[in-house]
Every structure is written in structure tokens, then in C-alpha cells.
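Please work through the exercises below with the sequence and the model side by side, and try each task before reading its solution.

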There are 2 protein chains.
Amino acid sequence: MNNYIWIPIVVGLLTVLFAWSLARYVLRKDTGTPAMQKVADAIFKGAMAFLNRQYRTIAILAIFAAVIVGAVLFEVSHLSNASLSTSLDLAWRTAVAFLIGALCSGISGYIGMYVAVKSNSRTASAATRSLGEALMVSLRGGAVSGFLVVALSLLGVSLIFLTYKIGNNIENVPSLIVGFGFGASFVALFAQLGGGIYTKAADVGADLVGKVEANIPEDDPRNPAVIADLVGDNVGDCAGRGADLFESTAAENIGAMILGVSLYVATQNVGWILFPLVVRAFGLIASAIGLLWIRPSVVVEPNKAEGRDPGEIAMKQLNIGYWITCFLSAIGVVVGSYLLLNSDKNIHSTYGVPGWLWFGLAGIVGIVLSIAFVYITQYYTAGTWRPVREIAAATLTGPATTIITGIAVGFECVALPVLAISAALGLSFFLGSQVTITDPHIVTIPGVSIGGIFGTAVATMGMLMSCAYILAMDTFGPITDNAGGITEMGGQAEEVRDITDALDGVGNTTKALTKGYGIGSAALAAFLLFSAYLDVLYSHSHKAEVYKVDLANISVFIAALLGLTLIFFFSALAIRAVGAAAKRMIEEVRRQFRENPKIMAERVEDRVDPDYARCVDISTRGALRAMILPGIVAVFTPIIIGVVLGPQAEAGMLMVATMGGIVLALFLNNGGGAWDNAKKYIEAGYLRVNKDGEMVDRLDLNGTVLGKKSEPHKASVVGDTVGDPFKDTAGPSLHVLIKLLSTITLVLAPLYVALHP
Amino acid sequence: MNNYIWIPIVVGLLTVLFAWSLARYVLRKDTGTPAMQKVADAIFKGAMAFLNRQYRTIAILAIFAAVIVGAVLFEVSHLSNASLSTSLDLAWRTAVAFLIGALCSGISGYIGMYVAVKSNSRTASAATRSLGEALMVSLRGGAVSGFLVVALSLLGVSLIFLTYKIGNNIENVPSLIVGFGFGASFVALFAQLGGGIYTKAADVGADLVGKVEANIPEDDPRNPAVIADLVGDNVGDCAGRGADLFESTAAENIGAMILGVSLYVATQNVGWILFPLVVRAFGLIASAIGLLWIRPSVVVEPNKAEGRDPGEIAMKQLNIGYWITCFLSAIGVVVGSYLLLNSDKNIHSTYGVPGWLWFGLAGIVGIVLSIAFVYITQYYTAGTWRPVREIAAATLTGPATTIITGIAVGFECVALPVLAISAALGLSFFLGSQVTITDPHIVTIPGVSIGGIFGTAVATMGMLMSCAYILAMDTFGPITDNAGGITEMGGQAEEVRDITDALDGVGNTTKALTKGYGIGSAALAAFLLFSAYLDVLYSHSHKAEVYKVDLANISVFIAALLGLTLIFFFSALAIRAVGAAAKRMIEEVRRQFRENPKIMAERVEDRVDPDYARCVDISTRGALRAMILPGIVAVFTPIIIGVVLGPQAEAGMLMVATMGGIVLALFLNNGGGAWDNAKKYIEAGYLRVNKDGEMVDRLDLNGTVLGKKSEPHKASVVGDTVGDPFKDTAGPSLHVLIKLLSTITLVLAPLYVALHP
């Protein structure tokens, strides 16, 4: 049975090879005209320079954190009368796992980003030849990041597991690995914050001074901040989201492994612990097949498509690939359950259905939830449905009503996803709770169903199987966005721009979907991570009452309220950080226009290039400086609450903060996305009014089109600008924050127990 | 001991007399010039017409609800094997209490509003004579509403208690009264929703068409929506907030009485049950003294004040009155504790300090919290501090940054109040937990401190002692606002307008303070109401485990998540309702301008009055229609959750929804208030910039002033408009919602227990 550990290791290594071959495919493509290459080079240099400086800062913080965590755990363990060697063991293993987690996250971000920024000019060049080729280059370029993230997380956890198993009881190993998850979260927090602040500071700076004040179009080479803006798309969406999902896969794997421990103890089948890793490996295979299905021969070229929108053609292929991935994942999770969870000993299941099948079904629930999330996100952020149209209609009465309606949509859009999550959570718990443990050695706590909790874990594993595919679609976004910019700045023909524009539009949708997927999986995982924390508490205190997190207890109540407040306060800091960094950028762009009038010279031949590098540098420094305060608040608040109010209060904080994070992130992501698409709706010429100024159907030919440069369009730009830090800085940072809270509490559980015995 | 019940009854009756004498004082004042009277009459008719129709709708809904509640309780009780007479008794008593609660809320709203709208022209007229007189008339006019609300709530609860006590054990009586609280909440929900929607629909309509499109000033008689706007200030702030705090005082009294039951059982001292009523009566006395302190002889008239701002002079007097109220309340709560909580039997307290003194100190904690809230709210919404200035600076870069900064301020401003609440809750619990019950008949539940919970209840009582004074200051707001409108429309001199403007500015501050006070007391009361619900559950099920609300239980977890979602979804509906009602208003105002050009005739003598009544009618119908959906969602969601997931899950929903409501209401209220005051900051000429366009100090004479009609001012108007439905519709409705959740769960507890035994 133990041999199953080799499945994730082998699949992980093969996936690294797969990513390498994808990278080779992309890098062999031609890089376009010299004009394109020049822009691409500037983006590449800016992005890598930011990443280098950001990771250097994060590395220092991480080493610092690792030493402190190790020292604290050593002290706590030692004071709790553990032997010196046990204490030392816990301390160094956690610290080393932390550093490896941080390192793997860094490596996957770095390589993924390298390939992504190398893919943009190649996509632009491919677009001069065909839609199919452009789609292939951008998607495969994005897939390098997607597959590396999942593979390195899987390899990291598997190899540490294998190593730490030596000389340890298997049941103790998962809690020694939690440091890996904490390391990953730690890096992700700063990567997402830094990237999110960078991208929006540059975006706001470029738009406000360039588009509004100087009145030049988007992506115009005269705008000093244009390269910083293009760099920002990469460091925010690509590196940031990669680190986010690296952390998700790591934290949720480890949490599920901890939950598997008691089932392992009862059944002596190590499959319960290894299950998350094996299923994740199967998910990688499913994602790879889904990805490879998309090939030039299935893409209908626009010139043969009888007027069909190239974006629609591309989106359809991405959807088919996703459905293939989901279908194969469903098979994979059932097969995985059969292979690993097929225990007889001390296990009882109802209705004569074998236990593994109940869990397989729970896994399918998770997969169905991921599909539901894709559609709900589309409903709230795509122009074909009510919410975006409602915002578009509100632009007719100005920016104030645009904002009010967008916020109403954002508040509203919380309901459906939460209902879907609640249903999935309840159903997977119900399915899992059909399986009960009958081992007399396991302490059964009344009201706690180990099978039910493991059911929610399996559902989470099911949902995350398609992670690599989703991430490939996500990184596809900044690549196509950049390709569009390069096409524009390289002065390409209209048809080429049509293709890159269409792919860019698809990229916006896929980026929104990834955010929905990210928060959905985080929500589904919340209960599992929380339960894992309680298991860890029990392993330290051996008291059954730790399994009750009683909100009627005043400390738990206060901690929960403070947790919810942390979510709001952290969002405030993240949004404000964008403002601070954007301010410096605005000043710099204004300075360049003022001091160097040749940038805007009348005749093209008189013009000189603005100083792009300085804007890149300002964004870089601004983002790095601004990410520190929210990061510190996020790390220290849970620690202070746990130290002062104790482990049960910490659990209450974790739970309610997670709920708050889910709800607020949904608000921020979908509200921001809806504003963005309301603007696109108007730019696409879909806003039509009758003679009384009321909105009519977007295809009603009697209506007057109000398009770019109209007053409603200006109002929609205000909405979009407000939504930018919501959906690209605060919202995604909340995803990371709620998982960071889980991993911090898991790692520091011994501290809280020691202080509140 | 039992005789203490006469204190609230006598004080309540005296307070009604006091309110009557205040009303007589106001109504005897002269009503100003015929021009003033004409406007005042129009406002009076519009406000009373709305109130009549609104209360008619609410009355129908309430009778319907009372019958259903009675029928459900009868069925549930009967099915649970109670005798027919017991079941009938529970059913009719709850239904009757519900109707009396609804009726008292209606009466106090009606009379308070009547006097308030009669006070506006009298204030305007008094302003022609002196600041002192204008302050007296407006404050005393507002005090009628404030004192009636508290007195009727107190009388209602006391008299029902006295009546229901006949033939019943005292310990059963408090849970029979909960219907009164539910009735009050029920009315408050619709009153606040209807009033909040009305006021903002009229405001947005008047501003967007009148000020922006037709380019006429605020409160201009040519604007068809101007009367509706002035009516709105009354029905939203005066009637809505009155119903809100009526409900608070009722629900929190009853909750505290329920908590007193077990202490009564142990000590046989009925003082524990009557304590909330007696302390509230003492609070009324303190508030009356504080109010009477403000008299013309202490007000320095502006012409003798050497350039001091009249608003500052008035605010200082209001503050002194408030400090007097707080000081007397502190004495009152200690005396009340000594008189009523001075039990020896079965009571043990620590450090040799008598038990009553511990509780007296807990009451003082509540009073200190109310003062802290006043200052925190001022910090976030007054122009003298960072947050408002930050927003004012953001207006320099347009509406988008104005909104982003305002939202960041709103998210941030959650932290300090929550820290203050947490500290007060923890401290009052600690003080109360120094007192323990040693009666062997009382089931002691490990980890539950009856004294501690009662301590938080006493703190809540302490905080709410100044309720009548705060409400007087609140209703003062719409009166002075209306007086300003009447002065403007009646064409009064500049000096008169200066006084009403100054008082209007003070009114804005006091309105913001009341909202802060409302949410602060709701937050402090949350733990007590929640604990009362658990006591009620125990009285039905007699199982000690009902006292644990375990978030690790999947149903509790899901219910809590759904509760948090309800808060967001309800806010979306409330905000959207404003949009829907405002749309109809905008269309009507545009129609009048289009069809009747004489309204805007060049020469004053050619002008005709617009059809004000039609706008009032449209606001009325729009608000009544729009309040139904959010109201129904608010009432049915908790019922469905309790029925499907059971009483413990309901408790989790209640708790986390309350936390969410507190946090989101703080965001909405303070964010909205900060935008409003950023606009006022600019209008006051405080926004100054240097030659690079950066903001400098508001008194820096080298800076250029950017005032009304400048681009930053326009951006600030966008911010203010966005903030309007936040702070005047959604935020205040959330106050009501979280208390409605408590009273619904209290009343329907038998249903949940019966379905989930």
C-alpha cells in the first residue's frame, strides 16, 4: 500500500518534463518583428527585475520567519516537558519544511513567469499567421506555469513526507509537514500583495495620466507607464495567482492528510493519508489530456467561420478542454477512492455501498461544484446576463449610480456561490458520514463524524483536480493581454489586432473564472483545514473538548468578531496600498510629460521614447514598500489572538474570518469583474437607448448606440477603475489571507496549547 | 422587592407627561411668515400621508404575522404534549404581546414625527430671533420623539410583565414577553426600510435632475422633488431611527430579563429580572436632566461670540448635556445595582467586593463604551481628522479615487469600534463573572458563567441609559435640516440662514453619532440576546448541551455562513430598492420639467409651482413597494434556517449574522458619513492646493481654494451620492435586521426545538 507514494512522485516528475516540453514548444516559436521584440524585451526585463527584487525581499522575510517559528516551537515543546531531541526535531523539521515550501513556491513562480513573458511576443507573432496558432502558443505558455505550480507542490509534499517518514511513525508525519504549507502561504501572501499592488498602481497611473489627462489611447507607446502596466499584468495575474494556487494545493493536501491520520490508525491503511496526493496526481493527468486536446486542427479559423467571433471560437475550445478535464477527473477520483480507501478493517458503511464509493461520490460533488462556480461567475461578470446590463444601464445616469448599482450587484452575488458551497459541503459531509469507524482505540467524539469530515476533504480534492488546467487558462490571460499591447505598440494590421483583442477578451473571462475557482476551493477547504486544526489540537492536548468550538464562550465570540474585522481591515490596507503606490506613479508620469515635451511631439519622427524603466522602477519600489504593512497585519493578528485568547478562540477566529474572507472576496472579485465588463459592454457598442434615453436591447437596431467617449462610457470607466483594486488586489489577497490563517494556526497550535493548557 | 416594578411604570408615565410638556412648549411657538408656513404645511402633509399609508401597510402585515406566530406556537406546543390550555396561553400571550409591541412602536413613531414636523417652521422662525431659541425649539421638538420612544417601550414591557405575572410563575413571564420585542422589531424593519428608501429616492431624484440636470440650487422651490426630499429627512431619520431604538430598548430589556431569571431562581430576589427596567427608568431621569440643562441662558449668541462658529457653540452645549446624562447614568446604574442586585442568598463574589458593585462597574463600562463610540464616530466622519481629509485629497484625482479612498476608509473604520466593543464585552464579562451562583438547584454548565453573561447585560443597560438623550439629538437633525430648507424657500436673510445652516451641520454630526451609538449598543447586546436565546432553548429542551454552539458542527457552520450571506444579500436588496424608487422619481421630475416649462420660467412672476404632491406620492408608493422584498427575505431566512437545520444551527446563524451586521453596518454608516463630510469640507472652502495641485493644510493661506462647482467638488458629490443609500438606507436597516434576527429566534425557539428534538 505504501507504494502509492510513488504515484505522485512519478507523476510530478513527468509533469515537470511535460512543462519543460511545453516551454520548449513556446520558446522555439519566432518572436516577431524587431518592433515587437523591443516591446517584449522591455516587458521581460521589467517583470524579471520586479520578480528578482520581490523574491529577494520575501526571501529575507521568510528566513527570518523560519528561524522564529523554529525557535518558538522549540521553546514551547521544550517547556512542555518534551525531551530535547523531540523538541529539536519538531523545530528543525517545521522550519526546513517552511523553507522548502517557500522555495518551491518561488521556483514555480519564477519559471512560470519566465515562460509567460517569453510567450507574449510569440503569441503576437503567431496571431499574424492564425488564430489556432496564437491560441496554442498563449495557452501552452500559460500551462507551463499552471503545471509547474501543481507539480512542484505535489513533489514537495511527497518528498518531505517520504523523508520525514524515516524514523517517525507515519501518523506523526503530516503534522510535521504543515510548515511546508505555511511557507507556501507566506510567500503567496507577499507575492499576491506585491503583484496586485504593482499591477493596479501601474494601471491606474497609466490610465489617469495617459488616457484621461494626455488623451492618448490604451497601450500607446508615448505613455511612460505603458510598459509598467504590461509588466503588471504578468506579476499580478501570473505570479500572484500562481503563488495563491500553489499554496492552496499545498495547504489543502496537508490538511486532508492530517484528517486521514485517524482513519489510518483505525484501518492501518496508509491510503487514507496518501489519498490527496494520488488524486492530485490523477488530476494532473486529466488536466494534461484536457490541455492537449486543444490543437490547431480543432480551431476553426475566423476566415472560415462565417462571421463568428474569434473569441467565441477560442472560448469554446477552452470549455471543451475543461469538460474533458472534469470528466477524466471524475473517473480519477472514483478510481483513486477504490485503490486507496478500500479498507475493510474497523470500517462500517451504510446501505451496503462500499465505503470507497461514498467517498468517490463526495469527490464528484467537488467537481460539480467547480463547474457550478464557473457558470455562476460567468452569470455575474459576463455581458450576456442581467447584472452587467444593470450596471450598463446605470451608467446612463452617471458615475454615482454606476457605483451604487455595482456595489449592489457585488453584495448580491455573494448569495448563489454561498448556497452552492453550502450544498456541496452538506452533501459531501453526508456522503462521507455514511462511513463510520468502529475501532475501539479511536476516541469517538459525540457529534463528530470522521467520515463526514473526510468526505468534505475528498470533495475539496475533487474540486482541485482541475487546478493545473484552470491555472493554464489564468496565465493565458496576461499573455494575451500583453500580446495585444505588443501588437498595438508594434503597429500591426487590423486583422492581427482583431485576433489578439478576441483572445484578450477570452483571457478576461478566464481570469475571472480562476478567481471564482480559487475562492470556491478555499471555501470548500475551509471546513477541512479547520477540522485539521482541531485534530492537531487534540494531538497536543488529548482532550475531547477541543473538538467543540463554542461561540457561546466569550473568548471565542470576541476572537470571531476580531477575525471578521481583520478581513475588512486587511482589505482596507490592500486597497489603500494601491492608492499610495499609484500616487507616486501618477507624479512620475506627469513629471515626464512636463520635463520632456518631445515625448508628445506632433510629428512621429520628432518623438523620443519616454523613460519606461523609471516607471517600472517606481512601481516596483512602491509595490514592495506597500506590501509590508498589510502582510505584517495578516501574519501577526492571528498569532496575537491565539496567544492572548487561546486555541479554541483561535479556532473561532479562523472559522469566522474564513467565512468573512469568502464573502468579502466574492463581493470584491465579482463586483470588480462586473464593472470591468460593463465598460467592455459599452465599448463593444451594445449600449443602446431609445429617444427617452432608456436602455433598450443590445441588438435593437432602432436604438442609438452610446459607445466610447460618450458620457455613459466615462461613467463606466469610473466603475472599472474602482473595481480594479477590488478584483486584482484586495480580493485575490483575501484568498491568500484565509489560507494563511489556516496554516499559521496549524503550525503554531503547540504554542497556543502550551499557553492555555 | 416586587414593588420595584412601579419605578419604571411611574417614571414612564412621568416621561410621557414630560414629552407632552415639551410638545406644548414647541407647539406654542410662532410658526413664522406665511411663506414659511406654506412650505412647512406641505412637508407636514407629505410626511403624515406617508406615515399613514406606511403604518396601514405595516399594520396589515403585523396582524397577519401575529396570527401566524400564534398559530405556529399553538401547534408546536400542542404537538409537544403540552395541555390545550398551556398551548393556548403561550399562543395568545405571544400574539398579543407582538401586537402591543407593534402598536407602541407605531404610536411613538407617529406622535414623535407629528411634533418633529411641527417643529421645523417654528425653528426657522426662532432662528430669526436668536440661536439659543432656535436650538431650544429644535432640540425639544426632537426630544418629544426621543423620550416617547423610550417611555412607551418601558411602559409596554412593564405593564405586560405586570399583567402576565397574574397566575404565572415570575420566572416564566420574561419569555412570554418576547413577542413584544418581535412586534417592535417587525415594525422597525419596515419603518426603517420604508423611510430609508423614501428619503434616498427623493434625495437622489431631487439632486440628479434638479441640481445636476436643471442646474438649480439645493432646496430650490422650482424643484418638483424638493418637498419630497424634505419629507424624506423626517420619515427616514426621525420615524425610522425612532422605531429602530424603540426596538433596541425593548429587545434588550427583554433579553436581559430572561438572563435574570436564573439569578432570580437562585436568590428569590425578583430584582434580577426587574433590573433592566429600573435602570432604564433612571436613564430617562438622567436624560431629562441633561436635556433641561440646555437653555437659552447658557447659549452664547453669535453676535457676542467674537467670530466663533454658531455650530460650534451649539455642539458644545449638546456635548455638555450628554456628559451630564452620562455622569448621572453612572450614578444611576450603581444605585440601581445596589437596590436590586443586592442579594446574599446563594451568591458568592470575589475579593470581598459585594456582588452588586461588580455589576455596577460593568454598567459603567457600558457608559464608557458609549462615550468611546461617540469619539470614534467623530474621528471617522468629521472633517478635522485624517479620514475625511484623505477623501477630500482623493477628489483631486476624480470620482474614481474618491470612491476607492472612501471604501478603504469604510473598511478601515471597522477596526477601532470592534476593538472597543471587544474590550467592553470582555471587561464587563470579567466583572460580572466575579459573581457566582452557588444554588444547587441551578444547573451549572462548565464554562458558562451566569454572572459574566449578566455582566454584559448590565453593560448594555448602562450604554442604553442615555438613549432618550441621543434620540433627541438625532431627531434634532431632520428638524434643523427642514428649518434650513424652509428658511431658503421662504427667502429669509443671510444671518438667519447662517444660524439654520450651522444647526443643520450640527444635526449631521448628531445623526452620525446616533448611528454609531445604535450599532454599538446592538453589538454589545448581541452576546446578551444570544445568551437569552440559549436560556430559552434550555427551558424548552432541558439539555445542558444547548449551551454549546459548536462551529465545528457542519450544520452550525453552514448556518453561520448563510447568516453572513444574508447580511450582504439584504444590503444588496436595500440598496437596489433605493435605485428602483429613485428611478421613478427621476422620471417624474423630468416629466414635470418637460411638460410644464413655466416651472422654470425666466422671470419669477411668470413661474408656477411644480406639482410637489405628485412627487411625494411617487416616493411614498415607491418606498412602500420596494420595502416588501427585503423585509420578507429578512423575516423568512432565519425561520427557514431554524426549521431546516435546527436550533443550534440557528444560534450559529444568529451569532455570525450579528457579527457580519455590525461590521458591514459600520462600513456603510461611516463610509457614507465620511463621503458626506468630505463634500461639506470642500463646500466650506477647506480644500486648498499648491501650484503642483497637491493638497495643503486647510488654513494655509498660500493655497488656492477649490470650492463649489470645481472638479474636486463634483467628484465629492459623486462620493456623497454613493454614500447616501449606504448610510441612510442599508446601514440603518442592518441595525434593525440584526435585532429582528434575535427576536425571531427567541419567539420561534419552541418551533425549532420541536422539529429537532
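Predicted model: local features only at pLDDT ≥ 70, side-chain atom pairs only at ≥ 80, totals over all residues.

Residues are numbered from 1 along each chain as its sequence is written, chains are lettered from A and ligands numbered from 1 in the order in which they are written, and side-chain values use heavy atoms, with hydrogens and water left out.

**Exercise 1.** Determine how chain B is superposed on chain A, and which residue of chain B comes closest to the rotation axis.

Solution. Begin with the superposition, which is done by least squares on the C-alpha atoms of residues with pLDDT of at least 70 in both copies. A rotation of 180° with 0.0 Å of shift along its axis brings chain B onto chain A, at an RMSD of 0.0 Å. The two copies are therefore related as by a two-fold rotation axis. Next, look along chain B for the residue closest to this axis: D550(B), whose C-alpha lies at 2.3 Å. Finally, consider the interface, where contact means heavy atoms within 4.5 Å. Because 100% of the interface residues of chain B are also interface residues in chain A, the copies meet through the same surface.

**Exercise 2.** Describe how helices α15 and α19 of chain B are oriented to each other.

Solution. Helices (H or I, at least four residues) and strands (E, at least two) are DSSP runs, numbered from the N terminus. Axes are lines fitted to C-alpha atoms, for helices over the stretch in contact, and angles run from 0 to 180 degrees between N-to-C directions. The axes of α15 (residues 494-541) and α19 (residues 647-683) of chain B come within 10 Å and cross at roughly 175°. α15(B) and α19(B) are therefore roughly antiparallel, a term used for angles over 145 degrees.

**Exercise 3.** Where does K709(A) lie, and is it buried or exposed?

Solution. K709(A) is placed in the loop between β5 (704-705) and α20 (711-755) of chain A. Its phi is near 75°, a positive value in a residue other than glycine. Most residues other than glycine have a negative phi. At 65% relative accessibility, K709(A) counts as exposed, the cut-off being over 50% with a 1.4 Å probe and protein chains only.

**Exercise 4.** Locate G579(A) and give its separation from A35(A).

Solution. G579(A) belongs to helix α16 (residues 554-595) of chain A. The C-alpha atoms of G579(A) and A35(A), which are 544 residues apart along the chain, are separated by 33 Å.

Notes
Buried < 20%, exposed > 50% of the residue type's maximum accessible area, 1.4 Å probe, protein only. Parallel < 35°, antiparallel > 145°, perpendicular 65-115°, else oblique.
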